[in-house]
Amino acid sequence: MKKLLNKPAKMGSYREDDVLFLLKDLSEIVLEDTALNRELKIQSGGHYSESLPIEYQPPKEYVDLFWDTLLQYKQKVAMCVGIVSEQIYQLKGSQTVLVSLARAGTPVGILIKRYLMLKYGISLPHYSISIIRDKGIDENALHYIHQEHPNGAIQFVDGWTGKGAISIELTKACQVYEKKYGLKLDDTLAVIADPGCCTKLFGTREDFLIPSACLNSTVSGLVSRTVLNQAFIGTNDFHGAKYYRNLLEVDVSNDFIELITKEFSAIHSEAKEMATKQLNKRFDTGFLGMEDVTKIQLDFSIENTHYIKPGVGETTRVLLRRVPWKILLRDPSSPFVKHILMLAKEKGVEVELYPGMKYLCCGLIKKVKGIEK
């Protein structure tokens with residue numbers, strides 16, 4: 001394995017002792033494009049990681065809804081974080097190196113680190129690195145982590161599962177890494193919510209609103225989605241991202257972390273009990289959510305499952321970053337889809353009742369290839 005000379009850039013608005021981003025700072029480069037232009041390029045064979053969506057800054061009503069939801073469900077989020085944290089600690093203990101998948105995994109990794117510090121007095125190293133569907137994981141970032149923690153037990157962390165595309169990508173990437181470098185990695189992904197039944201390390205399998213899914217960089221340390229574009233990323237570089245310093249005034253990343261952290265003391269005992277029960281139970285990790293995806297694909301004559309994004313988190317992403325065609329809802333009265341209904345109304349996107357899904361909702365991406373700009 002090659003010795004890395006590059007040092008991580010100081011990125012993001014989080015505390016340095018909360019997370020270290022193993023990313024190349026591309027802040028000075030214009031990478032953003034409109035949702036329609038990006039969709040046209042993606043559907044014409046380009047890759048989503050080559051550019052960035054323009055950061056959607058929501059109106060006051062939407063931000064207020066984010067805070068209302070967060071205040072209402074902060075203990076539920078804390079409980080799910082506590083359960084998955086306890087499982088990680090029981091399995092790997094103080095040797096754990098938390099490796100969150102940027103960017104949805106970053107706040108979750110910080111919360112796990114905070115929980116274990118408060119409960120067990122251990123300060124685990126925490127890195128945030130890039131993994132990109134169909135492109136793999138940032139191997140240079142993994143090299144760096146192995147150099148810094150040769151005896152560490154890596155635990156990958158993300159926010160939630162949808163179809164399970166990233167879980168599949170992670171497993172494939174770990175197999176490639178072992179074959180190339182002889183180092184075996186645990187590909188088990190730890191998440192707050194696993195509605196897709198893709199992993200055994202989760203806080204819940206309920207498809208509920210994780211408030212950090214509601215916003216973009218302003219709840220993720222002001223860091224963009226990760227970028228893998230050969231024009232800017234060299235062989236020895238980490239994958240790239242931008243640090244949106246211009247959004248510091250509206251950044252709520254640390255507010256979110258502090259609010260959830262304050263709830264941990266109230267759920268310690270129950271979280272440990274629930275975690276032990278889950279570890280002793282054999283959970284199905286057969287990607288059961290794909291049954292919904294297959295049915296939706298048939299019902300709506302969708303040519304590629306990449307256009308189907310199930311779950312609250314993924315549906316939110318479709319509305320914030322992609323060109324949505326329609327939104328499917330299992331239960332429009334659920335408090336976890338209020339923000340989705342608000343976004344759909346604002347953007348003029350059709351909402352259709354679709355009962356019987358395992359997921360609470362699903363976002364369908366519009367086919368734009370061939371449409372004139």
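Strand 13 (308–310) and strand 16 (residues 361–365) are joined by three bridges and pair in the antiparallel sense; helices (H or I, at least four residues) and strands (E, at least two) are DSSP runs numbered from the N terminus, and strands count as paired if DSSP finds at least two bridges between them. The model is a predicted one, in which local features need pLDDT of at least 70 and side-chain atom pairs count only at pLDDT 80 or more, while totals for chains, interfaces and linings use all residues. Residues are numbered from 1 along each chain as its sequence is written, and side-chain values use heavy atoms, with hydrogens and water left out.

Within this strand pair, Pro-310 stands opposite Cys-362 of strand 16. Both strands belong to an open sheet of four strands with mixed pairing, in the order 13-16-14-15. Its edges are strand 13 and strand 15 (350–353), each of which pairs on one side only. From one strand to the next, the twist averages 20 degrees; here axes are lines fitted to C-alpha atoms, for helices over the stretch in contact, and angles run from 0 to 180 degrees between N-to-C directions. Helix 9 packs on this sheet and touches strand 13, strand 14 (324–329) and strand 16, its direction making about 35 degrees with that of strand 16. Contact means heavy atoms within 4.5 Å.

A further open sheet has six strands in the order 1-6-5-9-10-11, with parallel pairing. Strand 1 (20–21) and strand 11 (201–204) are its edge strands, each pairing on one side only. Five bridges link strand 5 (residues 96–101) with strand 9 (residues 153–157), the two running parallel, and Leu-98 has Gln-155 in strand 9 as its bridge partner. Helix 2 (residues 60–92) lies across strand 5, strand 9, strand 10 (189–193) and strand 11, and runs at about 155 degrees to strand 11.

On a 1 Å grid over the protein atoms alone, a cavity is a set of points where a 1.4 Å probe fits but cannot get out, and a pocket is an open set with protein on both sides within 12 Å along at least five of seven lines; lining residues have an atom within 4 Å of a point. Grid points are joined across faces, edges and corners, and a volume is the space filled by probe spheres set on the points. The search of the whole structure gives four cavities of 30 Å³ or more. The largest cavity holds about 570 Å³ of space, and of its 27 lining residues, Tyr-48, Ile-166, Arg-225, Glu-314 and Arg-317 are the closest to its centre. Helix 9 gives the most to this lining, with four residues. By class, the lining of the largest cavity has 11 nonpolar, six polar and 10 charged residues, where Ala, Val, Leu, Ile, Met, Phe, Trp, Tyr, Cys and Pro count as nonpolar, Asp, Glu, Lys and Arg as charged, and the others, Gly among them, as polar.

The second largest cavity contains about 100 Å³ of space. Its lining includes Arg-103, Trp-160, Asn-216 and Arg-317, and helix 9 supplies the largest share, three residues. Arg-103 is found in the loop between strand 5 and helix 3 (105–120), and a cis peptide bond joins Ala-102 to Arg-103, with omega about 0 degrees. Another backbone feature is at Asp-134, which is not a glycine but has a positive phi of about 75 degrees. Most residues other than glycine have a negative phi, and most peptide bonds are trans.

Among the open sites, the largest pocket has about 380 Å³ of space. Of the 19 residues lining the largest pocket, Leu-228, Ile-233, Gly-234, Thr-235 and His-239 are the closest to its centre. Helix 4 contributes the largest share of this lining, three residues, and the residues divide into four nonpolar, eight polar and seven charged. The second largest pocket, with a volume of about 230 Å³, has a lining of eight nonpolar, one polar and four charged residues. Helix 9 gives the most to the lining of the second largest pocket, with three residues.

Finally, there are 12 aromatic pairs, counted when the ring centres of Phe, Tyr and Trp (its six-membered ring) lie within 6.5 Å, with planes under 30 degrees apart taken as stacked, over 60 as edge-to-face and the rest as tilted. Tyr-127 and Tyr-144 are edge-to-face, because their ring centres are 6.2 Å apart and their planes stand at 75 degrees.
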